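Work through the exercises below with the structure in view. Try each task before reading its solution.

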Amino acid sequence: MDYTLVHYDVDAWEGKAFKYMLQNLQSMGCPIEGLHFDPTLVTRGLIVDQELGNLVKADRFGHVKRSMHGTHMMSTGEIREAYGRELVNLKNETRWTFLNTLFSVSEAVMYMQMVDRLDQGALPRQDFSNSYTSLYKLVQKALYRTHVEGQLKGDIIQDPASYVELDPDMAKTLMDQRQAGKVLMLITNSDYHYTNKMMSFAYNRFMPPGSTWRDLFDMVIVQARKPEFFNSKMSLYEVVTEDGLMRPAMDARKDGSLYCGGGAAMVERALGLNGDEILYVGDHIYTDAALAKLNFRWRTCLIVRELEEEVDALVAGQLHRNKLKELMNKKDLVGDLFNQLRVRRQRSTVRQPDHPTREDAELEDTLGQMLMVLDQLDSLIGPMLEQDGQTFNRYWGYLSRAGLNDKSQFTRQIEKYADIYTSRVANFLRYTPYMYFRSPSQSLAHDRHFYGLEGNKNGSTDADGVD
């Protein structure tokens with residue numbers, strides 16, 4: 001539900017979470033003066049290095065392209081020294097933490113500022129032992145308390161208008177799907193009280209007279225406890241009253257009933273469907289997309305709201321990228337000619353090692369001039385590479401890209417676990433409910449020799465298609 005069917009103002013939600021984290025840290029004896037919420041420090045898809053106290057952006061292979069220690073952006077040399085001999089390995093969860101969701105923003109913003117405090121000796125050493133890992137666990141604990149104690153959600157229930165971004169097309173999209181014969185389910189980790197308040201606020205005003213958000217779904221499951229929902233069978237309860245009274249249930253029915261707990265296998269039995277007959281839509285790469293695909297082979301759709309801002313940023317930065325690519329192409333041409341002349345000089349030296357000719361002297365002069373041209377191009381390209389993507393985020397550049405021509409680790413995770421992805425559920429309204437989404441043609445590096453391609457201009461997905 002959260003950030004999928006109901007979208008929040010990220011700055012408002014995460015800013016409030018940050019405020020409660022400050023209070024929790026203070027109650028733990030941590031000095032909080034000067035800590036402030038700066039959402040530009042962090043984007044989804046970054047990776048926390050708990051060992052070194054860094055926040056990194058990696059490409060699809062795990063090479064670190066940009067890095068921040070505390071709130072200080074590291075130089076190319078510093079990145080090479082820290083990560084020159086290793087790749088980011090997300091399987092090593094004791095060191096690397098992937099920021100899967102927008103709910104991670106406040107946590108990472110807090111951690112990076114706390115790293116500065118630890119480096120400055122402003123935190124009690126007996127509590128942290130100068131360990132960035134211990135510090136991260138403390139920040140996680142502060143955020144966990146914010147959610148578990150209900151402080152944050154309590155504020156949002158009281159004033160949803162300050163946090164929820166309304167979208168009238170969402171209800172229309174789901175109604176179209178339902179009327180076309182699709183079976184719709186809502187599976188959320190939130191409790192019924194919060195779910196009902198948020199869905200009522202976001203949907204009821206856009207529903208036909210006499211109907212509510214509950215009429216959109218054949219089944220609703222609250223407190224699903226994902227990721228356990230996809231790994232084990234939990235007890236199932238049916239919610240039978242508006243105030244949340246529950247009774248044990250043997251199995252689920254697709255008659256609009258409301259349940260608590262259960263598991264994905266139970267959902268398949270209730271629907272009479274399995275595997276790629278089900279499309280699961282969510283915003284969390286691991287809890288939603290990865291487990292649904294790996295454990296049950298469900299089709300998956302990932303909601304990435306930031307895509308809308310990134311598309312606008314790409315349009316705004318197109319001239320910059322075109323100029324940068326032009327300079328890179330010039331460097332490739334000059335570099336290739338430079339290397340050809342180096343080989344020519346090498347062969348001449350082998351033939352007459354002790355008797356350089358006038359032609360050899362001219363060749364040396366040409367090579368010197370070309371080296372100066374290459375240095376000039378590098379002096380232009382370097383700053384432009386650092387500026388690339390600043391229209392999206394001044395520290396990290398574009399969400400989906402790492403460097404000029406490669407994909408980010410975030411994009412690689414999307415390709416790996418999501419059959420399709422989009423910025424919001426309402427985008428399905430642009431297609432009929434009967435649309436079959438097919439993967440575009442996959443181009444490889446050697447394809448350009450046959451088709452004149454410079455790369456895959458069509459995008460890519462890993463699946464054959466989604467109905």
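**Exercise 1. The parallel sheet**

Start in this predicted model with strand β14, residues 299–303.

*Solution.* 

**Exercise 2. Asp218**

Is Asp218 buried or exposed? Say where it sits and what it touches.

*Solution.* 
Step 1. Locate Asp218: it belongs to the loop between α8 (192–203) and β9 (219–222).
Step 2. Its relative accessibility is 10%. The cut-off for buried is under 20%, so Asp218 counts as buried.
Step 3. List its contacts, leaving out residues up to four places away in sequence. They are Arg178, Lys182, Val183, Leu184, Arg253, Lys254, Asp255, Gly256 and Ser257.

**Exercise 3. Arg347**

Is Arg347 buried or exposed? Then relate its position to that of Ala202.

*Solution.* 
Step 1. Arg347 is part of helix α12, residues 318–351.
Step 2. Its relative accessibility is 54%. Exposed means over 50%, so Arg347 counts as exposed.
Step 3. Arg347 and Ala202 are separated by 145 residues in sequence. Their C-alpha atoms lie 74 Å apart in space.

**Exercise 4. Two hairpins in a row**

Follow the chain through β3, β4 and β5, and describe each hairpin.

*Solution.* 
Step 1. β3 (residues 54–58) pairs with β4 (residues 64–69) in the antiparallel sense, over 5 bridges. Asn54 has His69 in β4 as its bridge partner.
Step 2. This hairpin has 5 residues between its strands, and Gly62 takes a positive phi near 100 degrees.
Step 3. β4 is also joined to β5 (residues 72–73) by 2 bridges, again antiparallel. Met68 has Met73 in β5 as its bridge partner.
Step 4. The hairpin of β4 and β5 has 2 residues between the strands; Gly70 in the turn has a positive phi of about 60 degrees.

**Exercise 5. Helices α1 and α3**

Describe how α1 (residues 10–27) and α3 (residues 105–119) cross.

*Solution.* 
Step 1. Their axes come within 8 Å and cross at roughly 50 degrees.
Step 2. The two helices are therefore oblique to each other. Their crossing is right-handed.
Step 3. From α1, Glu14, Ala17, Phe18, Met21, Leu22 and Leu25 take part; from α3, Val105, Ser106, Glu107, Val109, Met110, Gln113 and Met114.
Step 4. Sort these residues: 9 are nonpolar, 2 polar and 2 charged.

**Exercise 6. Helix α14**

How many residues of α14 are buried, and which helix does α14 meet?

*Solution.* 
Step 1. Of its 9 residues, 7 are buried, so α14 is largely enclosed by the rest of the structure.
Step 2. The buried ones are Gln409, Phe410, Thr411, Gln413, Ile414, Glu415 and Tyr417.
Step 3. α14 (residues 409–417) meets α10 (residues 285–296); the axes come within 9 Å and cross at roughly 35 degrees.
Step 4. In the contact, Ile285, Ala289, Ala290, Lys293 and Leu294 of α10 face Phe410, Gln413, Ile414, Lys416 and Tyr417 of α14.
Step 5. These residues divide into 7 nonpolar, 1 polar and 2 charged.

Definitions and conventions. Residues are numbered from 1 along each chain as its sequence is written. This is a predicted model: local features need pLDDT of at least 70, side-chain atom pairs count only at pLDDT 80 or more; totals for chains, interfaces and linings use all residues. Side-chain values use heavy atoms; hydrogens and water are left out. Two strands pair if DSSP finds at least two bridges between them. Helices (H or I, at least four residues) and strands (E, at least two) are DSSP runs, numbered from the N terminus. Axes are lines fitted to C-alpha atoms, for helices over the stretch in contact, and angles run from 0 to 180 degrees between N-to-C directions. Angles under 35 degrees count as roughly parallel, over 145 as roughly antiparallel, 65 to 115 as roughly perpendicular and the rest as oblique. A crossing is left-handed if the near helix is turned anticlockwise from the far one by less than a right angle, and right-handed if clockwise. Contact means heavy atoms within 4.5 Å. Ala, Val, Leu, Ile, Met, Phe, Trp, Tyr, Cys and Pro count as nonpolar, Asp, Glu, Lys and Arg as charged, and the others, Gly among them, as polar. Buried means under 20% relative accessible area, exposed over 50%, partly exposed in between (1.4 Å probe, protein chains only).
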